[in-house]
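Trainee: I'd like to learn how to read a model like this one. Can we go through it together, feature by feature?

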Amino acid sequence: MLTEILFYTFATVLVGAAIGVVMSRNPVHSVLFLVLCFCNAAVLWLLIEAEFLAIVLVLVYVGAVMVLFLFVVMMLDINIETLREGFTRYAPLGGLIALIVIIEFYYVLWVKRLGLDVTGGVAPMPEGYSNTEAVGAVLYTDYVYPFQLAAVVLLIAIVAAISLTMRRRPGLKTQDVSMQVAVRRQDRVRLVKVEVEGEQ
Amino acid sequence: MDHLNGMWAGIPANLQSFILTTLAVIGVMLAVIMAVAFSTLAERKVIGYMQLRRGPNRISLFGLPILRGLAQPFADVIKLLLKEFLIPANADRKLFLIAPLIVLVPALTAWAVIPFSPEFVLADINAGLLFILALTSLGVYGVILAGWAANSKYAFLGAMRSAAQMVAYELAMGFAIVGVLMAAGSLNLGEIVRAQAALPANGLSLGGFGSWNWFWLFPLFIVYFISGVAETNRAPFDVAEGESEIVAGFHVEYSGAAFATLFALPEYANMILISALAALMFLGGWLSPFQGYVPDAWGIAQPSFFWLFLKICAFIFVYLWIRATFPRYRYDQIMRLGWKVLIPVTLVWLAVEGVMVWLKVGPWA
């Protein structure tokens, strides 16, 4: 009973926040609504006892990805009026996608009517069961190669992004740290003996 | 008394545990807030004496002359609460008001999974460490929003700096924590402390403070504390505040109660949290440093909250000491230290630790 109340409360907030993402006039508000979406999705995952995934969702998406996203959106000088111009042009495509999603929902419910329990509750896990350990055990045994492959792909993406954007422009007054570290005292400080001037 | 006991027994068990949990939560919150109040005083006193001043020495507690200065935090709180709260004309009102709460709530919620003694922890969850990492990564939103919503260039510059810095140092911090996980084999903070106890079962012969994680994970310990200082935006990494260049950074437009909740309370609560985590993960938490050196029956060999408190105080003192000693880092130096020094150090030591685990050296024997 309590689980149902929690589910519907957080699901309502989630849907509301999702509507907020597309409806708000200010892009920064949209990003923040998206953050709220992720937080609520994490709570819904907690309700089906996927606490590792829930915490990682908050840690990775909310804590890192969305921070950078917010960063970029704040820096962009977006003209909101031009963004809203294309609404009628894209409306048919949006309607089509909405229709497809609704058909998919209906399909899931239809499968359920056939007797397959796709939306059934989760059986409670035994005491001391650690979600994190279970995910780790599968990830590093059965799926070790796909897992490592995904990591390598990400690494290549990082290296590529840096090598694409890193360039040395002439005339920049950047600091060369190794030169700064290599400086000795005698390069910078000179002791001079100043003659004392006459009595004031 | 019997009457009260009778009333208590008459309450259903569900409600009983609910009342007890609520009381425990309120107790921990009050303790954290009091600790924050007195660490602001400690900061001013310690830095005062380091700079050959006396620090606050006027407002005495209970009117006793010997306690002069001890009531300073209460005077400060009353002053801040009574001050007028201004909202800039061009600010984004809603976000401007929400931002202090977004900083405050994670800073206080994280205390739910901290084990204070072998028996007492509010929520003994398996993924405790991940929970804390996730929550502390949320605090940066408050800082960014405070800077953005104020619609002021100094505040915005402070927010940008703070965001870049927090993202950079979170990685080093995460890697340092991975080392602790490899040593303890658990994400539960209580288990992490128990794995550091000088027990024959843990394969540790050094005893007492020599068996704690800091010994085998020394580079990670140092990296963790440095990134902790950077994560809390404290000196010498306080470019987000940078009063000499960008006035006061992200909280320049805040005043009164919102300033207290946005800046003072979360900053010090996070400092104490980082200190508590460093004590739990690397210095054996509530374990006694004399365990194994003196007979176990002695009082000073027993694990208790007292040891954790002492270790937290020591870390807070180091925080203040660092602030009184070092000048502020330049921004590019901060980024260089985070990405090019701390992260490689943690990666190398994780590899070393992996080899130690593989060869069953030290505590992994």
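This is a predicted model: local features need pLDDT of at least 70, side-chain atom pairs count only at pLDDT 80 or more; totals for chains, interfaces and linings use all residues.

Trainee: What share of the 200 residues of chain A counts as buried?

Mentor: That comes to 10%. As for contacts in chain A with a separation of 6 or more, 52% are between residues 24 or more positions apart.

Trainee: Let's take one helix. How many residues does helix α1 of chain A have, and how far does it reach?

Mentor: Helix α1 (residues 2–23) of chain A has 22 residues and spans 31 Å from its first C-alpha to its last. At 1.5 Å a residue you'd expect 32 Å, so the two values are close.

Trainee: Is α1(A) tucked away or largely in the open?

Mentor: Count the buried residues: of the 22 in α1(A), the number is 0, so the helix lies largely in the open.

Trainee: Now for pairs of helices. How are two packed helices described?

Mentor: You give the angle between their axes and the distance between the axes. Here, take helix α2 (residues 13–50) and helix α3 (residues 72–82) of chain B: their axes come within 8 Å and cross at roughly 110°. Angles of 65 to 115 degrees count as roughly perpendicular, and α2(B) and α3(B) are therefore roughly perpendicular to each other.

Trainee: Which residues make that contact?

Mentor: From α2(B) you have A37(B), F38(B), T40(B) and L41(B), and from α3(B) there are Q72(B), P73(B), D76(B) and V77(B). By class, the contact of α2(B) with α3(B) has 5 nonpolar, 2 polar and 1 charged residues.

Trainee: Last one: how is the size of an interface often given?

Mentor: Often as the accessible area lost when the parts come together. For this pair, I'll give you residue counts: the contact takes 17 residues from chain A and 16 residues from chain B. On the chain A side, the largest share, 12 residues, comes from helix α3 (residues 51–75). The residues on that side divide into 12 nonpolar, 4 polar and 1 charged.

Technical notes
Residues are numbered from 1 along each chain as its sequence is written. Chains are lettered from A and ligands numbered from 1 in the order in which they are written. Two residues are in contact if their C-beta atoms, placed from the backbone, lie within 7 Å. Helices (H or I, at least four residues) and strands (E, at least two) are DSSP runs, numbered from the N terminus. Ala, Val, Leu, Ile, Met, Phe, Trp, Tyr, Cys and Pro count as nonpolar, Asp, Glu, Lys and Arg as charged, and the others, Gly among them, as polar. A residue is buried if 20 or more other C-beta atoms lie within 10 Å of its own, exposed if 12 or fewer, and partly exposed in between; C-beta atoms are placed from the backbone. Axes are lines fitted to C-alpha atoms, for helices over the stretch in contact, and angles run from 0 to 180 degrees between N-to-C directions. Angles under 35 degrees count as roughly parallel, over 145 as roughly antiparallel, 65 to 115 as roughly perpendicular and the rest as oblique.
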